[in-house]
Each structure stands twice: as C-alpha cells, then as structure tokens.
Amino acid sequence: MKDGLKTSDLLDFSHTLAAEYLKQTHYPWEALSGIGNLILSLGAELDGMEYEEISPRVWIHKSAKIAPTAFIGAPCIIGERTEVRHCAFIRGSALIGADCVVGNSCELKNVILFDRVQVPHYNYVGDSILGYRAHMGAGAVTSNVKSDKTLVVVKGEREIETGLKKFGSVLGDGVEVGCNSVLNPGTVIGRNTNIYPLSSVRGTVPENSIYKACGNIAAKRETK
C-alpha cells in the first residue's frame, strides 16, 4: 500500500544538488544525518568559475545576493540567484538551492532547501527538507525536538520509528505553509498541499489537500 512518504513520492530530484544522495534513501528523513558530509563532498567538486569559497567550507554562487549582516556557518552551499537577507542566521549543514529566499531573521540548521524554496520572514527551519517551490509564511517554524526528548516517530496510517532525536519536517514540492504555523517534530506534508495560518500540524498530511485543523483536511479542487 502506498503511504506517500517515500522520498520519491515527495520530492523532484531534478531540483537539487542532493539528487543522487536522496535517491539512495527510502524515506527522506534518512538523509538528515549525512547532510554535513554531503555538503563537503559536493563543495569539493563545485566549479570555481561559478562558486566562491568565501570562508572554509562555505561555497556561494557568484550570482547569489548575501546581506552583509547575514551569518553563514560551515558547511554550507548557496545556489545561484539565491537571496539571503538581513540578519539571516545559517548555522551550518545547509544545502540551499537556486532561486531561493532566506529572509530577515530566519534561522537554518541541518537542512536541504530545493530550488525556489522561500523562507522569507522570521522562520526557523531545522533538521528538515523543503521540496521544490515550498514556501513558509511569516513566522512559520519547524519544531525539531520533542518536549520529552524521546525519538521522533512519523505518525500516519501507521507509525514509523525514525531513530532520530532531532527531526523537524519534510515538505513536498509546492507545499504552502501559512503564517505563524508550527510544524511539530516528524511532520511530513505531501506535494502541493496548503496549511492554514496558525496551524499546529502533527503527523502526516496527504498531497493535494488543504489542512484546516487537526481532523479537518479537505482535498483540493481541480481548477481549470
């Protein structure tokens, strides 16, 4: 039975430098523990005509725009035409694709952001993977550690033990998260789904749906 949680169910591999790495996983959260080493291996192979290593193990495409007040920790790769805005805090182990926005006062840690992802205002994204064209509204955050510090379990039609103490969320391609929403540890959201503002989301949300509240999820209507 298809549960919609496999890496290939959620993510278009053609929009990230992590494609070959992610293809080796069954579930996307299996990739979280190796993001730092992945960045180091990718960085060593980047074209020096396109990317500049601005500090040890921090590679930035020459077309990217980085605010002088932003902090970028190693290891990190930032893709072409991506904009990192005022006071962004990239703590490290961040693979950020092309045409992304990392906005003012946002914090990233141990993440893969596919191309055209936007986290533009006051977002925290940790131990998470955001698919192609995913967008988080202002103030929306991923919570990556359970309050009781036990290992994260993905809860859907069945429970899947991840073995991870730190696991935020996986957003499939085209997911829209409304302002000031909290995505609790182990949240997995299917492709092209919208999350209402001020939501507290836990577990799994199917693709092509609208999350209004816990237990209130509607299928999207096709539009011509």
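Q: Let's start with Ser-169: is it buried or exposed?
A: Happy to begin there. The label follows from relative accessible area, with buried meaning under 20%. In this predicted model, Ser-169 has a relative accessibility of 0%, so it counts as buried.

Q: Where does Ser-169 sit, and what does it touch?
A: Ser-169 belongs to strand S17, which spans residues 169-171. Leaving aside residues up to four places away in sequence, its contacts are Asp-127, Ser-128, Ile-129, Thr-142, Leu-183, Asn-184 and Thr-187.

Q: How would I read Val-153 on that scale of accessibility?
A: There is a class between buried and exposed, and it starts where buried, under 20%, ends. Val-153 comes out at 23% relative accessibility, and therefore counts as partly exposed. Its place is strand S15, residues 153-155. Beyond residues up to four places away in sequence, Val-153 touches Glu-159, Ile-160 and Glu-161.

Q: While we are at Ala-31, what are its surroundings?
A: Ala-31 lies in the loop between H2 and H3. With a relative accessible area of 0%, Ala-31 is buried. Its contacts, again without residues up to four places away in sequence, are Tyr-21, Leu-22, Thr-25 and Ile-129.

Q: Now helix H3: which of its residues are buried?
A: In H3 (residues 35-43), the buried residues are Ile-35, Gly-36, Leu-38, Ile-39, Leu-42 and Gly-43. Around the axis they cover an arc of only 160°, so they are on the same side of H3.

Q: What covers the buried residues of H3?
A: The cover includes helix H2 (19-23) along with strands S2 (58-61), S5 (76-78), S8 (94-96) and S10 (107-113).

Q: How many disulfides does a search of the whole structure find?
A: First the general idea: a disulfide is a covalent bond between the sulfur atoms of two cysteines. Here the search finds zero disulfides.

Q: What about pockets: what volume does the largest have?
A: The general idea is that rolling a probe the size of a water molecule over the atoms shows where empty space is left. In this model, the largest pocket has a volume of about 290 Å³. It is lined by 17 residues, and the closest to its centre are Asp-3, Gly-4, Val-205, Pro-206 and Glu-207. Helix H1 (7-10), strand S20 (187-189) and strand S23 (204-205) each give two or more residues to the lining.

Q: How do the residues of that lining divide into nonpolar, polar and charged?
A: The lining of the largest pocket has six nonpolar, four polar and seven charged residues.

Q: And what lines the second largest pocket?
A: That pocket holds about 160 Å³ of space. Its lining includes His-15, Thr-16, Leu-17, Tyr-51, Leu-95 and Asp-115. By class, the lining of the second largest pocket divides into six nonpolar, four polar and two charged residues.

Key. Residues numbered from 1 in each chain as written. Predicted model: local features only at pLDDT ≥ 70, side-chain atom pairs only at ≥ 80, totals over all residues. Heavy atoms only, no water. Helix = DSSP H or I, 4+ residues; strand = E, 2+ residues; numbered from the N terminus. Buried < 20%, exposed > 50% of the residue type's maximum accessible area, 1.4 Å probe, protein only. Contact = heavy atoms within 4.5 Å. Arc of directions from axis to C-beta. Disulfide = S-S within 2.5 Å. 1 Å grid on protein atoms, 1.4 Å probe; cavity = no way out; pocket = protein on both sides within 12 Å on 5 of 7 lines; lining within 4 Å. Points joined across faces, edges and corners; volume = space filled by probe spheres on them. Nonpolar A, V, L, I, M, F, W, Y, C, P; charged D, E, K, R; others polar.
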